[in-house]
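Subject: Structure handover

Hello,

Here is the structure you are taking over. Please open it first and keep it on screen while you read the notes below.

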Amino acid sequence: MAHEYIRVQNAGPLSGELTLEGAKNAVLVTMASLVLTRGKSRLTRVPASHDVYQMKTLLEELGAEVLFDEQKHELIVDTTFLNGWSVSPDLMKRMRASILVMGPLLARFGKAKIALPGGCLIGTRPVDLHLKAFARMGATITTSGDFLQADVEKIRPCRFVMDYPSVGATENILMAAAGISGVTEIVNAALEPEVLDLITVLRNMGAHIDFAFPATIVVQGSLDLKPVEHEIMCDRLEAGTLLIAVAATGGTLSLPDAPVDSLELVLEKLSEMGLSIEVGPQGRGVKLTSHRPMNPVSFKTMPYPGFPTDLQAPMTALLSLASGKGVIHETVFENRLLHVPELQKMGAQISLSGDRATITGVERLYGASVIATDIRAAAALVIAGLAAEGETRITGIHHLLRGYEGLDQKLRTLGACIEIVRD
Ligand code: EPZ
């Protein structure tokens, strides 16, 4: 098999201005939500990342017609003749987010057959909250081997209190509820910006969605949801990754379309580290200027608006270069510190105790051969490699390609020495 890896070398401070792609964690669920409609929808600012191609294949397997113009970042999805309700096992294995078609399929057809989405390295990734809610809505869930089938004569609205504000479970229930008549309440719901972007899409389709206290989403669904035109929100996680990369190498970065309001705590932490953060007019856009030395900070990952777990790994890399000790507590996933041993290979001084990492900053990191274990761990290793002395080689690059469109290209625009090598 061809050997492919990312080669990164220190090229000194990075500087420049970049535009952001559409958010991976918004576009996938928005594509899934189109199963609720019959007709032609148009999505713009769609990132050309591997997961988007997987979701395109999934919708085509169900009978939708999907046209993707990568240059224009525009996706046209016609679901008029969509008639499938079973997702193939290999697709489920390739992309966990495939489970997000379950709610729309139950609303449209009253049945859905999927393979249990594989866990991954960051955790077992159970889907019990999704299934508990569908059962509460009247679905009969049967499993046989790896397969999971949900059948229901007529899915009904319900009030569902979540044990945990799961993003995917909130989105799945939200979509099922939007496609049926009656009022569904989701209590202790996830309110991530990507969930709010989905709510905008469902409202534009014709569902009535409001919020109530405490952390409750109230959905008045409709049996006649319309196709939509929607511009995917900018990717706050891409923005955070790029800001942290420039903080690590020194230099300045302008992101004119950065969604500042969904990055507040991240910007707060970077500011506490001594980096200068300027927010653009009307609170849109941000400019970061790096300074040395950087102060250490501590934080725990939490559901929004807490610190996002998806920027925990990149921040671990940055804190490895701060002047002092910081503690990171990963509370969202049970095994999301696998980038630590890889950073230690590069000279990072990090001690682990359960789901806490204590990081004692060092003067410099050293290039090494390291392995990426998930999308954000891959980004963290790229960041460490950009700042390290010597060459870093990162394998497991499919993780990076799943979650970012052209991150290497964007970093090269800023002056980075980074390339994808395929031997
Ligand atoms: C979404 O995953 C994102 N993925 C993740 O981004 C993100 O890290 C996560 O939300 C948290 O913000 C997409 O949107 C495609 P969860 P999801 O359900 O929905 C437990 C990235 O790097 N849980 O909020 O799978 C679960 O095990 C990816 O872009 C249950 O116990 O996250 C985890 O510990 C990684 N039972 C916690 O909740 C369930 O039924 C949070 O998971 C569901 C979840």
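Proline 305 is found in the loop between strand 17 and helix 10 (312-319). The bond that joins tyrosine 304 to proline 305 is a cis peptide bond, with omega about 5 degrees. A cis peptide bond also joins arginine 292 and proline 293, and there omega is about -10 degrees. Proline 293 sits in the loop between strand 16 and strand 17 (299-300).

Some ground rules before the rest. This is a predicted model, in which local features need pLDDT of at least 70 and side-chain atom pairs count only at pLDDT 80 or more, while totals for chains, interfaces and linings use all residues. Residues are numbered from 1 along each chain as its sequence is written, and side-chain values use heavy atoms, with hydrogens and water left out. Helices (H or I, at least four residues) and strands (E, at least two) are DSSP runs, numbered from the N terminus.

Four strands make up an open sheet, in the order 2-14-16-15, with mixed pairing. Two strands count as paired if DSSP finds at least two bridges between them. Strand 2 (14-17) and strand 15 (276-279) are the edge strands, each pairing on one side only. From one strand to the next, the twist averages 15 degrees. Strand 15 pairs with strand 16 (residues 286-289) in the antiparallel sense, over four bridges. Isoleucine 277 has leucine 288, in strand 16, as its bridge partner.

Helix 8 (residues 236-249) lies across strand 2, strand 14 (251-255) and strand 16, and runs at about 165 degrees to strand 14. Contact here means heavy atoms within 4.5 Å. Axes are lines fitted to C-alpha atoms, for helices over the stretch in contact, and angles run from 0 to 180 degrees between N-to-C directions.

Two loop residues

Glutamine 282 lies in the loop between strand 15 and strand 16. Its phi is near 55 degrees, a positive value in a residue other than glycine. Glutamine 282 counts as exposed, at 79% relative accessibility. The classes are buried (under 20% relative accessible area), exposed (over 50%) and partly exposed (in between), with a 1.4 Å probe and protein chains only.

Arginine 45, in the loop between strand 3 (40-44) and helix 2 (50-61), has phi near 55 degrees, again positive in a residue other than glycine. Arginine 45 is partly exposed, with a relative accessible area of 23%.

Salt bridges

How many salt bridges are there? The count comes to 23, where a salt bridge is a side-chain nitrogen of Lys or Arg within 4 Å of a carboxyl oxygen of Asp or Glu.

One of them joins aspartate 163 and lysine 132, whose closest N and O atoms are 3.1 Å apart. Aspartate 163 is in the loop between strand 9 (159-161) and helix 6 (167-178) and lysine 132 is in helix 5 (residues 128-136), so this pair ties together parts 31 residues apart in sequence. Aspartate 163 is exposed, at a relative accessible area of 55%, whereas lysine 132 is partly exposed at 39%.

Arginine 364 and glutamate 389 form a salt bridge through their side chains (3.0 Å, N to O). Arginine 364 is in the loop between strand 20 (356-360) and strand 21 and glutamate 389 in the loop between helix 12 and strand 22 (391-395), so the pair ties together parts that are 25 residues apart in sequence. Arginine 364 is partly exposed, with a relative accessible area of 37%, and glutamate 389 is partly exposed too, at 45%.

A network of salt bridges links Arg42, Lys72, Glu74 and Glu229.

Are arginine 336 and aspartate 374 buried or exposed? Both are buried, and their side chains meet in a salt bridge (3.3 Å, N to O). An N or O atom in the side chain of arginine 336 is also 3.2 Å from an oxygen atom of the ligand. That is a polar contact, meaning a pair of N or O atoms within 3.5 Å.

A backbone N or O atom of leucine 129 lies 2.7 Å from a ligand oxygen atom. For proline 126, a polar backbone atom is 3.4 Å from an oxygen atom of the ligand. There are 19 residues around the ligand, and Asp128, Leu129, Ser166, Asp310 and Val332 come nearest. To be near, a residue must have a heavy atom within 4 Å.

Regards

Definitions and conventions. Polar contact = N/O pair within 3.5 Å; in protein donor to acceptor, adjacent residues only side chain to side chain.
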